Structures are given as C-alpha cells and as structure tokens.
Amino acid sequence: MQMKRRAFTLGLGALWLSGCVGGGGTGSIVPRGPEPGMSPVPNAGFDAWVASYKSRAASRGISQSTIDTAFRSAGYLPGVVERDRNQTEFTRTLEDYLAIAASPDRIAKGRAALARHRGTLAAIEARYGVEAEVVTAVWGLESQYGERRGTVPVISALATLAYDGRRGAFFEQQLTAALRILQNGDTTPANMTGSWAGAMGHTQFIPTSYLEFAVDFTGDGRRDIWADDPTDALASAAAYLSRSGWRKGQPWGVEVRLPSGFNTAVTGRGKGRNPAEWSAMGITTADGGRLPNHGAGSILIPQGAGGPAFLIFNNFNAIARYNNAVNYVIGVGHLSDRLRGGGPIRGNFPPDATGMTIADRQDLQRRLTAAGFDTEGSDGVIGAKTRAAIEGFQRARGMAVTGEPSRALLQMLGG
Ligand SMILES: [Ca+2]
C-alpha cells in the first residue's frame, strides 16, 4: 500500500505541477493534445522488452486479444522518461500550496461544480457517507474538476517506465493492472489516458488503486473514470475515502490558536490527545472558542509555531490514504471547508526567506506586470513565470540577472 501511495502521489504531483503550479500565474489551462515527447517513437530495446512482457502478461491471465489490442498503437514515450528523470524533490510551503489549492478560482469553480452535480453528489453522499464538498475538493485537487485528466496514453507510459527500469517492477505491476482494466471492458486503449506516470482520469487513480476502489455508479456496467461525465469517478473517490475510514459528519481538522510559549514538542502527526487535554494546555479554536470533540487528535504546525496551527482528527488520515502529503491533506480539507462556505485560514504565515509576506509577493507580481514583465497573475507564489519576469526586469535595467525576488526589487519597482 505504501508503494502504491507513493507512486500515486508522484503521478498527481506531476500532473498538478505541469498544470497550475508552473509559475506565478493563477493557472493557465494546459491545451489538450499530445505534449512534446508523448507520442511513440521507434525503440528496438523497448520492442524487445514488450515482446517478453507479453508472455508474462499472458501467464498472469491477460487474454491474447487484450494484449494485441492494447499494444497495437502503444510505443516508447521519450517524454515520460524525461519527466521521470527530471523530478525535483521540493516541497512547497503550506502557504504557497494553499494559495494554489484553494485559490479564488478553484473555490469558484468548485462551488459551480457542486451546484452542477448536486443530485449526483447527494446520491454519492447517501451511498458512501462522504460529504459532497469533500468529494468535490478531491476532484478539484486531482484534476481541476476534470479539466486536467491527463492526455498521455497510459499503456505506452507504463510500458515505457517498466522498460526503463528505474522502478521497473512497480510499473510492470501497474501495466498488468491496466491491461486487466481493458480486459474487463471498462474503457478502450484510446480512452485510457492519464498523467505521464499513469494516474488516470478525474480522480487520478493508478491502475491498482482503480482495480481496488473504482465503482460503477451510473449502472452501465463500466467503471468509467475517464469520461466527460464524472459520475463514476466521483463515486470512486468517495468509495476510496469510505474504505479508508471516513466518518461522515466529522471535520478533517480545525484551525486552532496556540497559547504563547506553547511547547511545540507535543505537536506532530500521531501524537494524539483528547480535546480536553489540549484545552487544558490553553488551545482554542482560531476564533477563541472551545475545541470540538471528535476523539483524540494531533496538533500540526506545518510552518512552525509562528504559522497557522491545526487540530486534526480521524478524517485527516482517511484523506492521507489518498495522498500522504500533509499539504495535500490540508489542501483537500481546507478547500472542502471553503466550498461549504467557510472562511480563509485565520493564522498568519511567517515571512519567507527573503523577508516578504504573501502580500509583498503579490505586490511584487502586480508591479512587475504593470512594468511590462508579465507574471501571469498575482497569487503570491514565486514560480517559473515570476522568475522569468524578474529576469526580464533585471536584464532591462542592466542588473545582475538572478531571477530571485527580494525586498530591494519590490522597492525599485515601487519608485
Ligand atoms: Ca459507469
């Protein structure tokens, strides 16, 4: 399961990063159609590997016709290997993550999606006991409510990664699971698209997660998480959370306020205490109220004692089964709260390494854009577009070209 979850995260992160988190922009839509390097190219080594894999697939119960159909148009995707090689291991701060995950745009689109699919989501909630806002929030983070389901052909992507071998055994397992999905008749090779790492459809399930959790909610006999109609995908996300221990009517967590001088050694996942104990230490809700009681919970301070604090409950762990990154779980939870009408995070985030707050960084983006160096939005997240804009400004002024934001730069632009 751990292995599964990690690759799952990998797929998500990749899709997500390629889409809305690329730069300082608020999220331009990635055009549909093949990305560079995502169309098959001839590769003799790959062909030889596929030939030997086909007999292994047959020995695992995949029919010859399924194998033939699946591999008829499949091939080696150089772009997949390139993406796998160039993954950068960096973690965004919670502040940056939430600026994107619960951006005004994503909240507005989520509320529209909730209204549009009200009946379906209510039926899903009744069946699986997962609130409509939570299912919608997962959908919003996984594929921007279906806008970014991924266009890479899954059989080719998984076969390329299995052949490439960096994590060959894992991806061969996923490839065989993908063939099993095709054999079941749930979808066709042409419709089976996803991220470069094989995360598929509205909910970005990898094939083994799909086999374990996907459901047919429309009743047509096919578990279709790829179609424009998100019904099966939304029900599948709810089924996943339900089987991960989701408890209806309970929050994932609540934002809290810590007393000054709070001993942060007692914080962290897995260090659960009853709310009464936390209350006795002087912790209140963010607006000073009494802590709700949903059983034992842990205190999280993702950006240290100077940033927002959260009391997390059982449902935090259910979301974590989907993707075990703390920022992701808080992102889903907070977005679901916003979709329900809740307000923004109350606590202040500490300034970044340059001494700037998010308001300063948004200011910097607005001033760069006004000066003719477009950051494509002002979400306060310093990404590739903002860095390019800074470089353009520095070049135009004959300064050293670093692309690095700073207070000095902000003052220069304000003058
Ligand atoms: Ca169906």
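Which residues in H9 are buried? This predicted model answers the question in the first of the close-up views below.

Figure 1. Helix H9 spans residues 154–164 and is mostly covered, with nine of its eleven residues buried. The buried residues of H9 are Val-154, Ile-155, Ser-156, Ala-157, Leu-158, Ala-159, Thr-160, Leu-161 and Ala-162. Just after H9, Gly-165 adopts a positive phi of about 90°.

**Figure 2. The crossing of helices H6 and H8.** Two packed helices are described by the angle between their axes and the distance between the axes. Here the axes of H6 and H8 come within 10 Å and cross at roughly 130°. An angle of 65 to 115 degrees would count as roughly perpendicular and one over 145 as roughly antiparallel; H6 and H8 are therefore oblique to each other. The crossing in which H6 passes H8 is right-handed. On the H6 side, the contact involves Arg-106, Gly-110, Ala-113 and Leu-114, which meet Ala-132, Glu-133, Thr-136, Trp-139, Gly-140 and Leu-141 of H8.

Figure 3. Glu-133 is placed in helix H8. Its relative accessibility is 18%, and Glu-133 therefore counts as buried, the cut-off being under 20%. When neighbours within four places in sequence are left aside, Glu-133 is in contact with Leu-114, Ser-336, Leu-339 and Arg-340. Leu-114 also belongs to the set of H6 residues that meet H8.

**Figure 4. The salt bridge between Glu-147 and Lys-109.** Glu-147 forms a salt bridge with Lys-109, and the closest N and O atoms are 3.4 Å apart. The pair links distant parts of the chain, 38 residues apart: Glu-147 lies in the loop between helix H8 (132–143) and strand E1 (152–153), and Lys-109 lies in helix H6 (residues 104–116). Glu-147 has a relative accessible area of 29% and is therefore partly exposed. Lys-109, at 25% relative accessibility, also counts as partly exposed.

**Figure 5. Tyr-145 and Arg-148 in the loop between H8 and E1.** Tyr-145 is found in the loop between H8 and E1, and Arg-148 is found in this loop as well. Most residues other than glycine have a negative phi. Tyr-145 has a positive phi of about 55° although it is not a glycine. With a relative accessibility of 8%, Tyr-145 counts as buried. Arg-148 likewise has 8% relative accessibility and counts as buried. Arg-148 and Ser-195 are 47 residues apart in sequence, yet their C-alpha atoms are 9.1 Å apart in space.

**Figure 6. Glu-376 in the loop between H16 and H17.** Glu-376 lies in the loop between helix H16 (358–370) and helix H17 (384–396). The phi of Glu-376 is positive, at about 55°, although the residue is not a glycine. Glu-376 has 40% relative accessibility and therefore counts as partly exposed.

Figure 7. Asp-220 is partly exposed, with a relative accessible area of 45%, and Arg-222 is partly exposed at 32% relative accessibility. The side chains of Glu-277 and Arg-273 meet in another salt bridge, at 3.4 Å from N to O. Within this pair, Glu-277 has a relative accessible area of 37% and is partly exposed, and Arg-273 is partly exposed at 27%. A network of salt bridges links Asp-84, Arg-85, Asp-164 and Arg-166.

Terms used. Residues are numbered from 1 along each chain as its sequence is written. This is a predicted model: local features need pLDDT of at least 70, side-chain atom pairs count only at pLDDT 80 or more; totals for chains, interfaces and linings use all residues. Side-chain values use heavy atoms; hydrogens and water are left out. A salt bridge is a side-chain nitrogen of Lys or Arg within 4 Å of a carboxyl oxygen of Asp or Glu. Helices (H or I, at least four residues) and strands (E, at least two) are DSSP runs, numbered from the N terminus. Buried means under 20% relative accessible area, exposed over 50%, partly exposed in between (1.4 Å probe, protein chains only). Axes are lines fitted to C-alpha atoms, for helices over the stretch in contact, and angles run from 0 to 180 degrees between N-to-C directions. Angles under 35 degrees count as roughly parallel, over 145 as roughly antiparallel, 65 to 115 as roughly perpendicular and the rest as oblique. A crossing is left-handed if the near helix is turned anticlockwise from the far one by less than a right angle, and right-handed if clockwise. Contact means heavy atoms within 4.5 Å.
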